Each structure stands twice: as structure tokens, then as C-alpha cells.
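Please read it alongside the sequence and structure below.

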Amino acid sequence: MATTFKTLTANDVTNTRTLLHEAIPLTGTIASGTYSDENIKTFSHGMFESVFDYPYLSSSANHIFDITHGYSNTSNLSGTTAHIQNSKKINVYNQMAAVLVGHDATGSIQLFDKDGDIAGGGAKMEEVFFLNFSRLLTKDEIKKDSFRLTLATGSQAGNLKAMPITLGDYGAASSYLVNSPAGEYGLLYTASADTLSPVGQIYYQAGVAVVSASVFMGTTSMKHVAETGSLPYSDLGPGEASASYQNLATGSNIQLLADSIRDRIVDINFNNTVELNSTIYFCRANNNEFNYSANPTYLSSSQIRVKNTTSDNPVSYITTVGLYSSDNELLAVAKLSEPLKKDPNTELTIRVRLDY
Amino acid sequence: MAFLDNSGDIILDAVLTDTGRLRLAKGDGSFNITKFALGDDEINYELYDKNHPSGSAYYDVEILQSPVLEAFTNNTSVLKSKLLSVSRTNLLYLPEIRNNATDGIAQNSSNNIVSVAVDQSTVDALKDSSGNLLAGIIDSAELDRNTTDKKRLLFDQGIVSNALGATGKVALDADLVETQYIVEIDNRLGFLADPTTGAQATPSFIDDDNIASYYLSLTTNSTYFSIAPLQSSAVLSGPAGYRLSLLVGGSTNLNSSTYLFTQLGSTSQITPIASAVDLYHIDTTIRVTGATTGFRVDIPIRFLKQQ
């Protein structure tokens, strides 16, 4: 019986899962400089600001990340409602903490734990910046041990871009944490050899970097120390030589705080991950199959053009593979980059992969 | 669509068709790939040079250099010609499907295309001096009035050449006889009907582009097929299979409204007797494909409505 279709058996179909990674390099000049802040979108509610890769009024601009800042209601900075946007900063902290850290047994929002050992207690990060990366960049998740954020910590009055420190999830490929309701996360350190204390967290599936404000503690040491008593942070704010983090956090709005850290971003690098689920169809053409064609040019007065006599082998040329449903509807199509010769002396297996 | 880069390794560019995406979105399990077919739409076999002076290695040099287009996502635009599996390798002739405009309905002499009058007023306006609808026009107002082959679309399957013997004298190989057809028509414009009763057929599937597919089988739709393999045909000279007869009717939209005519069509005139009749018309194509052998034929059709 002549036929144009061949049924796929269970042995011809298989499913695979592949993780694809792509490098995402974000230079600091995109966050501040290149587009004279025309790529920075601010909002009247003042809860965060958005960074685009091009002036955001352009249709070709892509949203790449958001910046915001918050502190907990137990922070030394939250003592008085006279502080500018005090409640909004607390709200931001609580919202992010609720999503990323979760609630305790009493239903209270838990604070960001410095070493991730929530159950064990210990020091908390009560004043933090949040960098929320768009799904366009992070895709399914950020690859572990690939996140690097370089921040300048120089004096505002002196060289702003001086003294860069690089925060990274060093070693997180084998030491990430899983006690967050938002998925897996790693701890940010200032160097791979630094085991003194983490200065932030990177939530891989959520695509959120939480950076402790303690990285701006001063010029003598960039490492985190316990924030007890008065906060020693200094020299963060733009254009204000005396604008210590402490002064900014209490005397400025979230937008100015976001501007401040944005100006100090030197580089952000990470690899994203795409989880590719594929179905592979092995389309097997045996030696006695698909050797003739229904192409209108295949026949001349019903005679096969590629044969002179009955003893000549039939020949056909494959350019297309069609995948059909049982009711003969074409559901997927694959094209070969060049024609493939098929005759009774050849057998072919064409591997068609559909990714989801 | 651009051409695929053919300078290096052979690559495969695969996409879901629009119908595939539609079914996937439905989530009802209708996206279920069960079989495959191979196609050669870009190939022109006339380039196969059996007499190339440099020998057999050069017969298909030009064919193998044919650039291949990227995949179309429109399900009706690809796999127009499929490769055919026949276990025998000694075939020199293959049967074709030919529109028989000699025994069946022919082109209307006024507009050189088979036409369908979509309503009674159009039928009445296009009658000749004897009161008969002009030749080459199907009466869609009452399809059961198309009682003779001359008013139906006929498709004969068989071998055009008589090199294997004359029609009716030599039988077509049983494995090459076409017993199932897929007929595709724009569902907004028309429908398929039983050639003997004029009853509207039910499409097997209507895709996202409103193309209706009708599956006609010798066993379940015998009224569309000749009783036996053809003993003679005006378009075949060799062994023949069955004849497929069809009627095409205009959709309710075309019958009751001029909307689609003004959106998609144009205007023209036909002069059946003395004075010209002003008409709306829409041109479309009916595709008849052999489900077994893959051979197909496209027939242009014009739907007519009196202005």
C-alpha cells in the first residue's frame, strides 16, 4: 500500500530536560551615565525605580531591573515617623521579607537572616537594598555561583568610584540554602576567601539580590560588621559630602537612596538559566520508504522523471519534515537547511526536537 | 521567509504551526503528534539531468543546491508535496489526479473559471435564452438541481500515459489506487456537498485560518466515488482508479450578505443573453489531495452574487 505518512512508535519519541545558561553582563554605565538617566523610570508612589537598557520612552527599551530600599521596623533607623517615607521603607522591607523569608509560626514576618540560619537565630540584616532583576534577564533562575555585583564605596566627597568591592555568591554551587519560600538562595560575600560574614543574599529563582547597607560603612574596611548601636555607615549619598547612609536612610526618600546605590554600581554579572523541556521525535526513513514523491514536477505524463527504466532506483529529496496529529493536521514543521537525497540504498533518521 | 544557511552542517529549523499552537493552548489533549511525513516543496525535479555529460554523480547537482526556505507556521502553506512510500522500486509510472473538465463542469466561457452562483436571484440572472443556467456555473441555490456530471467537479485518478496499456484495459496496481481524499476549502466562502443529493457535507476539521478539511473515503462516502475504477476518461490514457465527484455550495454568509464580497472580492459582469449582469465575485481555490498517494490538484473557483 502506498502511503505518505509513517506512524511514530513509542521508541521514536523521547523527552529530555536541558539547562541552558547565558551570560548577562550589565555595565554600571547603563545604570548611571550612558543615557543621562533617561533610562531610569521613577514613579509617583516612590516605592522603587526601574532601570531600562535604553531610554524607557523608546519602544525598543527593555526593563532590566528595579532598585528599592527598606528597613525593618526593628531597625534603629525606624524609630520615628518623622523620618522621610519611614512607613514606605518599612513596608518595602516587610513585603520583600514576607515573600523571600516568609513568616514564623506566629504569622509574623521574619527578618532577613545574615547567615541564612533562620531557625538558629543570630544577626539580622535590618537595612537593605533590593535589586529585583526582570524575568527577561534571569529567565528561569540565576545560575548559582555566577552572581557578581561590583559596587564602588569611595567617598562621595572624594572619588565616588574608588574602592570597588565585588559581592558574589562564592561557592554557592555547593552551599546554597533552601529554607526560603521563594526557592533557593545563596549568601553574598565580598570575596571568595571571606568567611567573616555575609553582606547579602541572592535569591536564584526569584531573581532578587538583597544587599546589606553595611557595605557602605566607611573607607577603612568594606567588610560587614555587626550593626549594633549607632550605624557607622558613611558617604553614600550623591552630591552630599556629609550624606552618610544613616542620614540618607532617614532623611531622604527611597528614590534618592536608589539613585545613590545606582551611581555606585560598577558591574553586575551573572548567568541565567533556562530549563528547556524537549520532546525529540526520531523520524526514521527506512530503505524502502519515502523514495517516491508527489511533487508536481516529479512526473512527466505520469512517468517518473528521475528514472529511465524500471530497474533504475527511485530518488527523492527531503527538505521538510511534518509532524501530524492522528486526524492529519500539521502541528509542527521542520526544514532541513539543504535537500537530503533519499533512495533505496539509504536509510535516514531525522531528529526533530520541539522545545517547551 | 528567509532561506536557511546551507554553507555548513545540515541544520533543522523546527517550529509549531499555528494550528499546533492553537491545540497546545486548548490544553485538551488535541496536541498529540502521532505520525510524520516528509516533503520536498522546494524541489524542481525538472532539474534532474539524466543525460549530464559528466555522469550520474552530476544528475542531481542542481537539485542539491536548491536553497530551502525557513519553516512557515501556516499549516496549509507547507508540506504541499509529500514523499511517497511504495515498497517496490521498479515503478516507472505513478498515477496522478486530474481535474476532468471535459466530462465534468468546465470553465465558464465568460470568466474562464468554474463559478458558483450563491443565491436564486444570481441563478435566475445567469440563465441563457433556453432558461438554463450558463455552463460552468454551479447552482448553489439548490444543489440537488446539479444532476449531471457536467454540473459537477470531477477528478480522475490514473496514469496519463498509455505506455502501460489503455484505460479500462489494464488495471491500476491495487496499492496505487486512491481511495481517500482530503478536500480543503475556505469555510467562510463555501462548503462541500454530496454530488448525488446536494446534501452539505460535514467538515472533519476547520483550522485557525478557517480552512475546512473534508475527508472522503470510498468506504464511508461512496456517493462521492465512481462505482468502479474508470473504464474511460477524457484526461487519462492509461490504467485508472476511481473518479471523485464534488459539488461546491456558497456559504450562508455569501448567500445572505455582500459583506465578504466587498471585503475580499471584486465586481465583474457576465452577459448571459443581451444585457450584462453586474456581479460581485470572490476567487478562491479548492485543494483536492489524495490521502494515500499524496498527489493533489488545486482548482480555482469563483463565487458569484448578483449586485
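What follows covers ring pairs, a cluster and charge-over-ring contacts.

**Ring pairs**

This is a predicted model. A pair of aromatic rings is described by the distance of the centres and the angle of the planes. Over all chains, the count comes to 19 aromatic pairs. Among them is Phe43(A) with Phe48(A), a tilted pair.

Phe133(A) and Phe270(A) form an edge-to-face pair. Here the centre-to-centre distance is 5.3 Å and the angle between planes is 65°. This angle gives edge-to-face because the class takes planes over 60 degrees apart. The pair links distant parts of the chain, 137 residues apart. Phe133(A) belongs to strand 8 (residues 127–133) of chain A, and Phe270(A) to strand 16 (residues 265–285) of chain A. Buried means under 20% relative accessible area. Phe133(A) has 6%, so Phe133(A) is buried. Phe270(A) has 2%, so Phe270(A) is buried.

**Cluster**

Which residues form one aromatic cluster? They are Tyr93(A), Phe112(A), Phe130(A), Tyr185(A) and Tyr203(A).

**Charges over rings**

| Lysine | Ring | Distance from ring centre |
|---|---|---|
| Lys144(A) | Tyr204(A) | 5.3 Å |
| Lys35(B) | Phe5(A) | 4.6 Å |

Lys144(A) lies over the face of Tyr204(A). For Lys35(B), the charged end sits over the ring of Phe5(A).

Notes: Residues are numbered from 1 along each chain as its sequence is written. Chains are lettered from A and ligands numbered from 1 in the order in which they are written. This is a predicted model: local features need pLDDT of at least 70, side-chain atom pairs count only at pLDDT 80 or more; totals for chains, interfaces and linings use all residues. Side-chain values use heavy atoms; hydrogens and water are left out. Rings of Phe, Tyr and Trp (its six-membered ring) pair if their centres lie within 6.5 Å; planes under 30 degrees apart count as stacked, over 60 as edge-to-face and the rest as tilted. Helices (H or I, at least four residues) and strands (E, at least two) are DSSP runs, numbered from the N terminus. Buried means under 20% relative accessible area, exposed over 50%, partly exposed in between (1.4 Å probe, protein chains only). A charge sits over a ring if NZ of Lys or CZ of Arg is within 6 Å of the ring centre and within 35 degrees of the ring normal.
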